[in-house]
Amino acid sequence: MDTYTSRHRYGVSALLRLLALSSLLVGTLCEELASTHHTIEVSSLIPSVSCKTSSSKGSGKASSLKVAHKHGPCSAEGRLAAGGVQQPAHDEILREDQSRVEIINSRLVQRTASLVGPNRVRQSVADLPAKSGKTVGSGNYVVTVGLGTPKEDLTLIFDTGSDITWTQCKPCVRYCYQQRDPIFDPSASTSYLNISCTSASCSRLATATGNIPGCSSSTCVYGIQYGDRSFSVGFFGKEKLTITPTDTFDGFMFGCGQNNQGLFGSSAGLLGLGRDTLSIVEQTAAKYGRYFSYCLPSSTASTGYLSFGRPSTYNGHFGRTSVFPVSLKFTPLSTLSQSGTFYGITIQAVYVGGKKLSIPSSTFSNAPSIIDSGTVITRLPPTVYTALRDAFKQEMTKYPTAPALSILDTCYDFSNYTTVDIPKVGFSFAGDVYMDLHTVGIMYTASTSQVCLAFAANGVDTDVLIYGNVQQLKFEIVYDVGAMKLGFAPDGCA
């Protein structure tokens with residue numbers, strides 16, 4: 001009996017040690033998996049059909065505007081779509097995105113053209129064909145600002161790849177597309193002024209729009225094309241701009257569109273956040289110091305913010321208060337020799353599943369690189385994309401594949417899963433900055449049966465590398481243009 005009891009106790013003890021070891025091993029494996037992979041609930045991949053306003057306060061700054069996705073339920077256009085207006089399909093969105101990329105590449109090699117000749121505003125406006133553009137690529141996110149005296153609220157697409165701000169204006173000499181807000185009437189504003197075609201401001205339109213300005217009855221005429229006959233043409237004027245009730249700017253220069261065509265949705269026009277002297281960034285520099293930041297909505301059913309000016313305090317998560325979020329890291333901004341509009345960045349390496357991909361450094365240095373709020377999918381040199389895709393696929397072999405979605409060629413069917421594990425994807429930037437993308441920045445979801453790797457290859461390695469807005473999701477992106485640096489704060493958004 002004593003021998004049996006002793007053996008029984010020894011066996012139980014050994015079993016307990018084995019269980020403890022197994023538990024330790026499982027815990028270690030889970031920790032290792034968590035360090036290299038994300039676990040995603042498949043149900044979270046599908047956005048809500050109702051708007052969920054973010055709790056984010058725009059980094060505690062007063063000069064903040066709410067940002068909504070133009071196709072989501074938080075925007076007027078999205079609400080109209082929910083009421084029966086057809087929303088664009090995913091393949092259409094991605095085709096438009098590809099067109100934007102092609103336009104950006106062409107702008108880097110295109111010389112200034114003459115879109116509107118002198119003294120021909122009405123004829124030039126009338127001559128431009130009223131044809132619906134299919135390759136506008138003018139951006140996906142909208143904000144509301146005030147214009148005029150008395151103030152009229154206008155919903156504008158904001159775009160870091162564009163310089164000039166414009167809105168549709170009465171009397172719409174040739175054509176105005178349907179917008180949700182009332183069309184701005186400069187004759188009803190006591191603060192509107194036309195800009196003379198002999199002024200220096202008019203001359204600066206050539207670099208801001210890529211087109212030589214025109215002239216009509218001594219009034220400056222602007223013209224801007226976004227690709228495939230998508231355009232805005234009209235008078236160049238000055239007006240009172242209202243960002244917030246306390247932040248107003250007299251004499252803000254903008255385009256008063258008389259002929260406008262393209263896929264601008266129901267927005268009233270475009271807010272240019274580029275680097276030209278006519279952009280809102282430069283025109284408000286005296287107050288905001290060429291400093292702005294944004295958090296893009298993490299889904300089409302949520303909101304984000306666009307803030308102007310350096311924060312005095314930061315009200316982040318966990319009750320933290322400081323000048324900046326502690327996670328904020330800066331990488332240098334650069335200026336592309338081909339164009340001063342875009343915000344140049346330097347990417348040095350890509351990681352998948354915690355492992356640095358074997359890519360020659362010359363592949364990154366030979367391609368001009370920019371960050372862009374209007375491009376949806378990040379475009380990589382083919383050499384970089386192939387390495388990323390192959391490494392990602394090696395980590396995803398247990399999941400069934402799905403058909404390609406437009407430009408996205410690596411897709412999976414998660415419809416029979418509750419949770420999935422995907423490898424982390426990270427980028428290394430100049431200035432010793434490394435960022436792991438959030439899960440929403442890795443996969444693009446058409447449906448649970450078609451979830452795709454959210455990257456695409458350029459045509460050749462020397463095409464412009466574009467860091468798109470999907471990869472910016474869940475990050476506060478800070479543009480300190482005065483100091484020529486770009487900041488990433490991974491926990492800066494709600």
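**A tour from C256 to the annotated active site**

Start by selecting C256, which counts as buried at 1% relative accessibility. Keep in mind as you go that this model is predicted.

Next, pick C172 and C176, which form another disulfide (S to S 2.1 Å). This link is left-handed, with -95 degrees about the S-S bond. C172 is buried at 19%, and C176 is buried at 15%.

For a right-handed link, go to C51 and C74, at 105 degrees about the S-S bond. Here C51 is partly exposed at 34%, while C74 is buried at 5%. In total, the structure holds six disulfides.

Finish with D159 and D372, which an unreviewed UniProt entry annotates as "active site". They are spread over 214 residues of sequence, yet cluster in space, the largest C-alpha distance being 7.7 Å. D159 sits in strand β4 (residues 152–159), and D372 in the loop between β21 (369–371) and β22 (378–380). Colour by accessibility and you will find D159 buried at 1% and D372 buried at 0%. Last, show the side chain of R100: the side chain of D372 makes a polar contact with it at 2.9 Å.

Technical notes:
Residues are numbered from 1 along each chain as its sequence is written. This is a predicted model: local features need pLDDT of at least 70, side-chain atom pairs count only at pLDDT 80 or more; totals for chains, interfaces and linings use all residues. Side-chain values use heavy atoms; hydrogens and water are left out. UniProt positions are given in the numbering used here, feature names are shortened, and annotations may be inferred rather than shown by experiment. Helices (H or I, at least four residues) and strands (E, at least two) are DSSP runs, numbered from the N terminus. Buried means under 20% relative accessible area, exposed over 50%, partly exposed in between (1.4 Å probe, protein chains only). A polar contact is a pair of N or O atoms within 3.5 Å; within protein, one must be able to donate a hydrogen and the other to accept it, and residues adjacent in sequence count only if both atoms are side-chain atoms. A disulfide is a pair of cysteine sulfur atoms within 2.5 Å.
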